[in-house]
Amino acid sequence: ELNHGQAHNQPPLIAIPGLDGTIGSIEPVVSRLAHRREVIVVDFSAEQNQTLEMLVAEISALLAAQQFSALDIMGQSIGTILAAQLSASPKLPARRVVLTCTFTRARWTTLRWVVRLTRLSPRFLYRLTSPLTIALSCGPVGDGRQHPAFAASRDSDKEAIARRTAWQIGRDFSADLARVPAPLLILMGQKDRFVPHAGREIAKLRALLAERPEARVLPVANAGHIFLPSAAIDEASERIEAFLQ
């Protein structure tokens with residue numbers, strides 16, 4: 001865990017990053033939110049679990065041991081699935097939940113190829129092509145060429161990336177998202193290329209949560225699966241801060 005900001009009169013925000021498990025994909029948003037609250041980033045880059053649910057159990061046990069009286073939870077990409085499952089744990093007093101760039105299901109065929117190519121790629125080639133993969137699959141980039149996600153992707157453990165990618169194949173996470181017990185904000189990039197179709201995914205999420213007036217699904221303009229352009233980071237940070245307040 002990595003702590004950012006100072007404790008105020010609000011619950012701490014537990015932030016769960018994307019596939020590489022480091023702060024990279026969410027660092028700009030965390031930096032902005034940490035001006036007003038304590039943000040605890042869960043770094044799972046070194047985890048060795050065989051299933052997503054085993055990782056959730058490990059994170060849940062670590063957080064429960066700290067005996068928070070209340071907490072907020074935020075996730076990005078696969079971190080949203082971890083966040084959704086964590087929020088449903090009776091051991092964790094989740095007050096509000098934010099999911100950025102979530103998915104009911106990903107592009108399974110594409111992910112199968114990603115797993116194979118990642119495992120077969122020599123380390124030097126993986127490091128060389130990772131930033132381009134982020135730009136193509138998670139863009140648009142805009143003025144976000146120095147976003148920490150690019151450096152994080154180069155340094156990530158490719159075997160762990162392949163293993164965590166495989167966790168998403170053949171699964172529909174609609175039930176996990178629907179079971180989030182707390183007030184929920186979902187922010188989706190209007191140009192998210194990770195899901196089969198961004199517009200249809202937003203509509204599907206809204207339909208899934210239609211009977212929950214405390215749940216909102218909002219698009220972020222000119223953003224993809226990682227909020228790379230500064231305008232998208234600003235918009236997302238403002239919406240999250242307003243929701244948590």
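Biologist: At roughly what angle do the axes of α5 and α6 cross?
Modeller: This is a predicted model, in which local features need pLDDT of at least 70, side-chain atom pairs count only at pLDDT 80 or more, and totals for chains, interfaces and linings use all residues. Residues are numbered from 1 along each chain as its sequence is written, and side-chain values use heavy atoms, leaving out hydrogens and water. Axes are lines fitted to C-alpha atoms, for helices over the stretch in contact, and angles run from 0 to 180 degrees between N-to-C directions. The axes of α5 and α6 come within 8 Å, and their crossing angle is roughly 155°.

Biologist: Is α5 roughly parallel or roughly antiparallel to α6?
Modeller: Angles under 35 degrees count as roughly parallel, over 145 as roughly antiparallel, 65 to 115 as roughly perpendicular and the rest as oblique. The crossing angle therefore makes the relation of α5 to α6 roughly antiparallel.

Biologist: Which residues of α6 make the contact with α5?
Modeller: Contact means heavy atoms within 4.5 Å. From α5 come Arg123, Tyr126, Arg127, Ser130, Pro131, Ile134 and Ala135. The α6 side is made by Phe150, Ser153, Arg154 and Asp155.

Biologist: How many residues of the contact of α5 with α6 are charged?
Modeller: Ala, Val, Leu, Ile, Met, Phe, Trp, Tyr, Cys and Pro count as nonpolar, Asp, Glu, Lys and Arg as charged, and the others, Gly among them, as polar. In the contact of α5 with α6, five residues are nonpolar and two polar, and the number of charged ones is four.

Biologist: Within what arc do the buried residues of α6 fall?
Modeller: Buried means under 20% relative accessible area, exposed over 50% and partly exposed in between, with a 1.4 Å probe and protein chains only. In α6 (residues 148-155), the buried residues are Ala149, Phe150, Ala152 and Ser153. Seen down the axis of α6, they line one face of the helix, because they fall within an arc of 165°.

Biologist: Which helix do the buried residues of α6 pack against?
Modeller: Helices are DSSP runs of H or I with at least four residues, strands are runs of E with at least two, and both are numbered from the N terminus. The element that the buried residues of α6 pack against spans 123-138 and is α5.

Biologist: Is α2 oblique or roughly perpendicular to α3?
Modeller: The axes of α2 (residues 52-64) and α3 (residues 78-87) come within 10 Å and cross at roughly 60°. That angle makes the relation of α2 to α3 oblique.

Biologist: Is Ser77 buried or exposed?
Modeller: Ser77 sits in the loop between β4 (71-76) and α3. Leaving aside neighbours within four places in sequence, Ser77 is in contact with Gly18, Thr100, Cys101, Phe103 and His225. Its relative accessibility is 7%, so Ser77 counts as buried.

Biologist: Is Gln67 buried or exposed?
Modeller: Gln67 is in the loop between α2 and β4. Its phi is near 55°, a positive value in a residue other than glycine. With 69% relative accessibility, Gln67 counts as exposed.

Methods. Arc of directions from axis to C-beta.
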